[in-house]
Amino acid sequence: MTSTIEAPRSPYSRAPRSRGVNWEKWGWIYMRVSGVVLVVLIFGHLFVNLMVGEGVSALNFAFVAGKLTTPFWMVWDVLMLWLALIHGGNGMRTLVNDYATQRLTRGILKSAILAAVVILIVLGTLVVFTFDPCPAGSPADLLPSFCSAI
């Protein structure tokens, strides 16, 4: 006759696995991936703006207007905007989850963070894609000097 010896059962049982999307895991992964991408985007942005060409002395309205007419830089800036705002909003959400003890307070704070992130993303994206340094019909004395050449 063989006897089997079983290990004593733990008084702590594992919670059953939920069958949905693990948003905390994906938020954690997003923070790592977006952080790496943001480092590349930000240092590329700084290098082009501060090192290439005439450096800091060339930064003016005309420089920015010239960059925002190029589709490459428009996509670069919007990608940087979206990643940074969502990254920051997710970080703030994590802080609220960690430190807000009341459920109502957590809900209000997370709603405010979401609203701020969405509003800033929408406004920033609109600025990048609708920016026109020389709008038609504007008084000439209000336009930058480079607009007269156009």
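Mentor: Start with residues 111-131, where the chain is 95% helix and 0% strand, with the end C-alpha atoms 29 Å apart. Helices here are DSSP runs of H or I with at least four residues, and strands are E runs of at least two, numbered from the N terminus. This is a predicted model, where local features need pLDDT of at least 70, side-chain atom pairs count only at pLDDT 80 or more, and totals for chains, interfaces and linings use all residues. Residues are numbered from 1 along each chain as its sequence is written, and side-chain values use heavy atoms, with hydrogens and water left out.

Trainee: Which residue ranges does UniProt give as "transmembrane region"?
Mentor: The feature comes from an unreviewed UniProt entry. Its positions are in the numbering used here, feature names are shortened, and annotations may be inferred rather than shown by experiment. The ranges in that record are 29-52, 72-90 and 111-131.

Trainee: How far apart are the end C-alpha atoms over residues 72-90?
Mentor: Look at the secondary structure there. The chain is 100% helix and 0% strand over residues 72-90. The end C-alpha atoms are separated by 27 Å.

Trainee: What span should α4 have at 1.5 Å a residue?
Mentor: The expected span is 1.5 Å times one less than the number of residues. α4 has 28 residues, and its end C-alpha atoms are 40 Å apart.

Trainee: Which residues does Leu 120 contact?
Mentor: Leu 120 lies in helix α4. At a relative accessible area of 44%, Leu 120 is partly exposed. Leaving aside neighbours within four places in sequence, the contacts of Leu 120 are Leu 81 and Leu 85.

Trainee: Which helices are among those covering the buried residues of α3?
Mentor: α3 has 29 residues and reaches 42 Å from its first C-alpha to its last, close to the 42 Å expected. Its buried residues include Trp 73, Asp 77, Leu 85 and Asn 90. Their cover includes α1, α2 and α4.

Trainee: Which residues does Asn 90 touch?
Mentor: Asn 90 counts as buried because its relative accessibility is 11%. Asn 90 lies in helix α3. Not counting residues up to four places away in sequence, Asn 90 touches Gly 27, Tyr 30 and Met 31.

Trainee: How many salt bridges does the structure hold, and which side chains meet there?
Mentor: A salt bridge is a side-chain nitrogen of Lys or Arg within 4 Å of a carboxyl oxygen of Asp or Glu. The structure holds one. The pair links helix α1 (residues 23-50) to helix α3 (residues 71-99), with its partners 69 residues apart. At 2.9 Å, N to O, the side chains are Glu 24 and Arg 93.

Trainee: Which side chain of opposite charge is nearest to Lys 67?
Mentor: Lys 67 is in helix α2 (residues 61-67). Lys 67 is buried and has no salt bridge. Lys and Arg count as positive and Asp and Glu as negative, while His and the chain ends are not counted. The nearest side chain of opposite charge is 4.6 Å away and belongs to Asp 77.

Trainee: What side chain makes a polar contact with Lys 67?
Mentor: A polar contact is a pair of N or O atoms within 3.5 Å; within protein, one must be able to donate a hydrogen and the other to accept it, and residues adjacent in sequence count only if both atoms are side-chain atoms. For Lys 67 the distance is 3.1 Å. The partner is the side chain of Asn 49.

Methods: Buried means under 20% relative accessible area, exposed over 50%, partly exposed in between (1.4 Å probe, protein chains only). Contact means heavy atoms within 4.5 Å.
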